[in-house]
Amino acid sequence: FKLERRMSTENIKVFWKPPGLAVVPGSTMTENDEIRPRKEGAFTSLYQVNRGVGAFLVMVRDSCSEKEYVLQSLSAVMRALVGSKVTSSMSIPAYDGRMYEVSPLTSTKTGTGYVSTVDVECSPLDVSNLKDSLAKEGINVLTKSGGRTRSSLKGTYVSMISLRFSAGKDARTHEHTFHNEEPAKFRALREREEKFQAQKFTSVRYEDDMPLAYLRGSQEFDSLSLLVEKQLVIVPRKATETLVHACMNALGGMGVDRPRILDLGTGSGNIILALLNRLPTAFGVALDLSTDALRIASSNADNLRMSDRCLFHEADFTKLHESDKIPSELRNELRRGFDFIVCNPPYYSTDDKRYMSAS
């Protein structure tokens with residue numbers, strides 16, 4: 001990863017770190033701008049930055065007497081895309097008592113809610129805990145596991161757009177300010193959602209036989225209200241609840257305290273979420289080829305407060321034997337094994353779909 005140098009003095013270096021490189025506490029840098037583990041470099045990072053976040057790095061020479069002064073003066077503005085509607089400014093507490101000041105910029109309607117762009121002022125600087133602090137207030141930062149994204153749009157949607165700190169003391173104090181443009185993928189995702197919404201409402205207008213579930217955007221399944229979207233997931237049918245009942249009967253005879261359940265071709269997540277709802281101690285892993293389906297299933301899990309009990313992965317379940325094509329996190333889950341595997345795939349081919357009505 002190439003670090004773009006923005007400032008270099010005898011005691012302080014500032015770089016732009018692109019997404020993809022994690023900076024852990026104690027990371028150091030040599031005189032030749034090479035990142036090294038703890039104690040191997042002359043300059044030390046003042047804060048931690050997560051792998052998926054683009055941010056400025058401030059590296060200070062270990063022997064610099066101004067190190068603590070610079071640290072306390074650090075202030076940054078982080079731009080984030082979040083999966084909720086944010087229309088007013090708010091203050092959110094961080095883990096150590098400091099506050100994040102959240103300012104809304106835009107809000108775009110999506111098929112399952114909203115995507116809002118917000119600026120978050122962090123002073124003093126605390127980048128590593130930002131995502132978790134926002135989540136505690138119900139503001140979830142978009143990541144590669146959510147959102148209607150292609151590979152070019154994947155990653156965590158948080159990026160530092162400005163940084164400010166002071167160096168020197170008394171009359172010699174100088175304030176340094178750095179700016180960076182919003183990542184192009186932020187705008188690309190907003191434009192994609194706006195285009196999708198425009199196409200969605202245009203198509204609904206001309207299809208009189210559209211199922212009511214698609215028109216209202218939700219469907220009840222086994223007492224759960226689930227989000228659904230036209231052409232992205234199949235509407236869960238009442239008859240499929242018999243599969244849930246059959247699973248419950250089978251699991252009841254197994255005597256497993258904390259069952260692990262694998263759902264192949266999860267779609268809207270209706271089966272796995274219904275089982276987790278009936279089995280409070282169960283844990284689920286759900287697979288699907290469609291990133292759109294996984295986005296909807298993940299949103300349903302969030303709405304039902306089950307996101308901590310179910311992992312969603314993009315994968316072809318007919319090729320799970322090809323381990324080189326499976327993400328390491330999913331590979332580890334598969335190795336742990338499952339007490340129950342459930343699958344209810346579509347019963348028609350891609351060619352058949354062209355001749356089917358919306359209903």
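Guide: Start with a cut-off: buried means under 20% relative accessible area, exposed means over 50%, and partly exposed lies in between. The model is a predicted one.

Visitor: Why is glutamate 182 called buried?

Guide: Its relative accessibility is 18%. The limit is under 20%. Glutamate 182 therefore counts as buried.

Visitor: What makes glutamate 182 and arginine 79 a salt bridge?

Guide: The closest N and O atoms are 3.3 Å apart. The cut-off is 4 Å, from a side-chain nitrogen of Lys or Arg to a carboxyl oxygen of Asp or Glu. So the pair of glutamate 182 and arginine 79 qualifies.

Visitor: Why does this pair tie together separate parts of the chain?

Guide: Glutamate 182 sits in the loop between β12 (174–179) and α3, while arginine 79 belongs to strand β7 (residues 75–82). These parts are 103 residues apart in sequence, so the pair ties them together.

Visitor: Is arginine 79 buried or exposed?

Guide: Arginine 79 is buried, because its relative accessible area is 16%, and the limit is under 20%.

Visitor: What other partner does glutamate 182 meet in a salt bridge?

Guide: Arginine 190, at 2.9 Å from N to O. That is within the 4 Å cut-off. Arginine 190 lies in helix α3 (residues 184–205).

Visitor: How do you know that arginine 190 is buried?

Guide: Its relative accessible area is 14%. Under 20% is buried, so the label holds. Outside its sequence neighbours up to four places away, arginine 190 touches Leu81, Thr106, Thr108, Thr117 and Glu182.

Visitor: Which residues are linked in a network of salt bridges?

Guide: Arg79, Asp119, Glu182 and Arg190. The structure holds 10 salt bridges. Side chains of opposite charge can pair when their charged atoms come close.

Visitor: What makes glutamate 175 and arginine 164 a salt bridge?

Guide: The N to O distance is 3.9 Å. The cut-off is within 4 Å, so the pair counts. Glutamate 175 is in strand β12 and arginine 164 in strand β11 (residues 158–167), 11 residues apart.

Visitor: Why is glutamate 175 called exposed, and why is arginine 164 called partly exposed?

Guide: Glutamate 175 has a relative accessible area of 53%. Arginine 164 stands at 34%, so it is partly exposed.

Visitor: How do you know how many disulfides there are?

Guide: A search of the whole structure finds 0. A disulfide needs a pair of cysteine sulfur atoms within 2.5 Å.

Visitor: Are cysteine 310 and cysteine 343 buried, exposed or partly exposed?

Guide: Cysteine 310 is at 3%, so it is buried. Cysteine 343 is at 32%, so it is partly exposed.

Visitor: Which residues touch the most other members of the largest nonpolar core?

Guide: Ile12, Val58, Leu163 and Phe165, in a core of 45 residues. Strand β6 (55–61) is one of the elements that each supply at least two residues. β6 gives the most, with 6 residues. Apart from neighbours within four places in sequence, the contacts of valine 58 include Ile12, Leu163 and Phe165. A second, separate core of 24 residues includes Leu275, Ala297, Ala301 and Cys310. In soluble globular proteins, nonpolar side chains tend to be buried together.

Visitor: What makes β16 and β17 a pair?

Guide: 5 bridges join β16 (residues 283–288) to β17, and the two run parallel. At least two bridges are needed, so they pair. Alanine 286 stands opposite phenylalanine 312 in β17.

Visitor: What is the order of the strands in the open sheet?

Guide: The order is β17-β16-β15-β18, with parallel pairing. β17 (310–314) and β18 (340–343) are the edge strands, since each pairs on one side only. Neighbouring strands are turned by 20° against each other on average, direction ignored. Helix α5 (residues 241–252) packs on the sheet and touches β15 (260–264) and β18. The direction of α5 makes about 170° with that of β18.

Visitor: Why is threonine 240 called buried?

Guide: Its relative accessibility is 13%. Threonine 240 is in the loop between β14 (224–227) and α5. Not counting residues up to four places away in sequence, threonine 240 touches Phe221, Asn270, Ile271 and Asn344.

Key
Residues are numbered from 1 along each chain as its sequence is written. This is a predicted model: local features need pLDDT of at least 70, side-chain atom pairs count only at pLDDT 80 or more; totals for chains, interfaces and linings use all residues. Side-chain values use heavy atoms; hydrogens and water are left out. Helices (H or I, at least four residues) and strands (E, at least two) are DSSP runs, numbered from the N terminus. Axes are lines fitted to C-alpha atoms, for helices over the stretch in contact, and angles run from 0 to 180 degrees between N-to-C directions. Contact means heavy atoms within 4.5 Å. Buried means under 20% relative accessible area, exposed over 50%, partly exposed in between (1.4 Å probe, protein chains only). A nonpolar core is a set of buried Ala, Val, Leu, Ile, Met, Phe, Trp, Tyr and Cys residues joined through side-chain atoms within 4.5 Å.
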